[in-house]
Amino acid sequence: MRAALSKRTLLVADYSLPSATVVTGAAGWLGRALVHHLSTDSGAYKRDGVLRALVLNEQEAQAVRDVSTNVETVIGSVTDPRSLERLLDGLPADTDVIHTAGVIHPGKVSDFFDVNTTGAANMASAVHRAGLRRMVHVSSNSPFGTNPSELDTFRAHEPYNPYLGYGKSKMQGELAVLAQVEQGLDAVIVRPPWFYGPLQPPRQTTFFRMVRSGKFPKFGAGNQRRSMVFVDNLVQGIVRAELTPNTSGRGYWIADARPYTVNEIIDTVGRALRDEGYDVKPGAMKLPVFAGRIAERADRLIQGTGRYQQQLHVMGEMTHSIACDIDAAREELGYDPQFELYDGMRRSIQWCRAEGLEL
Amino acid sequence: MSEQDIPIHSPAIESLYDTEILVIGSGAGGATTAALLAEAGFDVLVVEEGAWVEQGSVVPFSLEQMNQQYRSAGVTVALGLPSIAYTEGRCAGGGTEVNSGLYRRPPAELLERWRTQYHIRDLDPDEMYAIAHELETALNVTTVPGQVSAPSMVLHRGAEALSWENSESPRWMKYPPGGNAASGQRQSMTRTYLPRAHRAGARIITQCRVRKLVINGTSASQADVVLANGMPGRIRFRHVFVCGGAIHTPALLQRSGLHERIGDTLAVHPTVKLAARFPEAINVPDDVPVHQVKEFAPEISFGGSASNPGLVAMALADNWTEFGHAVNEWQRVSVYYAAITSQGKGRVKAIPGMRDPLVTYHLTGRDKQLLRSGLSRLTLLMLAAGANEVYPSYRGAPLVRTPGDISNLQHSFATTKATVMTVHLCSTVPIGEHPRCAANSFGQVRGMKNVWVNDASMLPDAPGVNPQGSVQAFAVRNARRFIETNSPRG
């Protein structure tokens, strides 16, 4: 581990809480978790003042209002700069914008760039023009690809190595935000890897089902390392990044305290399911590494034609390690993740059951 | 005649030499072995294939030096996809005369791994570090007085900006009082252990190539050699220490009829390079940077390469039409490397009738990924240190000016387009009690009573750090064990 002396102790005090907070992509999984934590009594970071949410349509607005009553919804899109002017209209100078809007599993590859790249550029320029205090840009591990070996861990500063369409669009999104920082915008980048927790979309429910049935795909020996982040840890990281001054232009990995091996993930999720009273068939679907490489190649070919196939994409990535080091977030932001995989997974399972979802 | 009157070395011209101990090779392993055994009272003869070249008579890292002090004028190639170029010293003092002079102790984790994985008997870290301490005194291992050179500062500055662990590697160098980074004198074998061996009575003959050892059953009795004048000669001995380096030690053993597990496990630190151009003049043509970046060690390490104008041009050569112009501003350019610990497999195979053995090396998929990642991370470090332009050294490489440009590097890099090269060759006659080892825990070649190896070929695998310190520490340990168990002839 790195030097014990926290660089945070050298920084000036945190920013005060903003008078207003804007969340884009508010109807998304992370967006709703933020709305919950920032504006409800059971939220971990409830704050006073305006909370304004950008949503695509009335249906999404309703989904956000289902989470909290203390939220203003604005219908628009990051792809439409005029709607962003409406979103930011009349907000005080000490407003923070948390930009979570993004597309991860789109219908077609061009959606990646419209939302993840152009959308981020539109948002950064709108925040800068409106003269607001700060933007938190939620990026991803994908601009950095996968680790070169199973032992390797991504450090706070890494060269870009985007993985296919999503990674490239998120890299260009980061670069667009950083270009606005050069012009004077105050923006900080948060990079979460694979996240999990309550409010998760149906594709994550499939994940539990695969583990239960002993069919989670495992390539080779299953020693690939994966950083993951429980959604409550991620919300803490985003709030810490938002409120820590002198971090403009910096990017931070926000993940659980340590990466897990694929074997550990399968075992831990199995244990969490059993402890929640589910039958779990032990084992995993063992696949040779080359099968994952074929999926990766097929994903590349299909994306080359402008289409996108979710299963292939996820399979292709599973043969590699995506492990990151959160020391910089700990030292500079005071980030201190509270949940490990087992606790986080139990909470996710409890939430699924409360929602009446079949696992 | 007093000792001072006998020249320290002479070309081999006698048709028959007799000695108690024959040491073949005068590099880090051979010179150390010769000094210790001679000081213990053994009659020692050192044979060296190359010539004795006085330090200061050629410019360090120059093309002239490559001609005089390296095998095959500096570049030999291990076949494979990609082929890997390597360099070997061929002169009195071997690699110690031409290498970077950087010194690293064998890391404690490495010794522990070697002990357990290869079953090396009596490998005691305390003993190894006591030996390391002796070596550091004998070689005057020290850091640079005052400010390090500008190309070294680049590594330090870039790594600090990225919060990457970096440090100045000490070197075996003597600096005059009040001297600076440029005034050091290398404490190579021709300045240290070879004179020590000579003072203790060892004879050193140069320009003498050993063709083969004559072996009967479990003993070797003599070496057939080619003398300085091209005539054949013989050297009779009681014990022989083969210290010709990781390529020529196994090749000689194979030519002598010893094959079992010999030459099958060549290990190297594959290396890729880049050149970086800075706003200010930074080039130091006759020295190498002393900083190394160990943030990703042992898998990936970064450091600086020799960067005289000829070597800058070589680093740009893979993309000459796009990058060649930078050589006109060589004063602002320096060359850097990313080295990895490889899991690939290499082989040394003596071919009947051929002077040099066939060397092959194959990188694994993981090795190739580490080389790509290493070159990309090194590029990021150069930008963080203030480089205007970075020229990665492979065919079709993109010019890098911004962090975004590095994604083009990551996507277009392939080891088959790069000049992958290596300097740290080792492990072709690995020691230990494990069945895969070719010599026992102290370097005695399996099945042989009086044939020993005591050079880089004995290291069980690639150490992940500059290996000279490890080679010498093991050489001292093994020589002492030999002295404890054998007495000089009265």
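Student: How many bridges join β7(B) to strand β9 of chain B?

Tutor: The model is predicted, so local features need pLDDT of at least 70 and side-chain atom pairs count only at pLDDT 80 or more, while totals for chains, interfaces and linings use all residues. Residues are numbered from 1 along each chain as its sequence is written, with chains lettered from A and ligands numbered from 1 in the order in which they are written. Strands are DSSP runs of E, at least two residues, and helices are runs of H or I, at least four, numbered from the N terminus; two strands pair if DSSP finds at least two bridges between them. Here 2 bridges join β7(B) to β9 (residues 171-174), and the strands run antiparallel. In β9(B), B:Trp172 is the bridge partner of B:Val141.

Student: What is the strand order of that open sheet in chain B?

Tutor: The order is β7-β9-β10, with antiparallel pairing. β7 (141-142) and β10 (185-186) of chain B each have a single partner strand, so one side of each lacks a neighbour in the sheet.

Student: Which residues lie on each side of β5(A)?

Tutor: In a regular strand, side chains alternate between the two faces of the sheet. A:Arg134, A:Val136 and A:Val138 are on one side of β5(A), A:Met135 and A:His137 on the other, and all are buried (20 or more other C-beta atoms, placed from the backbone, within 10 Å of the residue's own).

Student: In which sense does β5(A) pair with β6 of chain A?

Tutor: The pairing is parallel, over 4 bridges, and A:Val136 stands opposite A:Val188 in β6(A).

Conventions. Buried ≥ 20, exposed ≤ 12 C-beta atoms within 10 Å, placed from the backbone.
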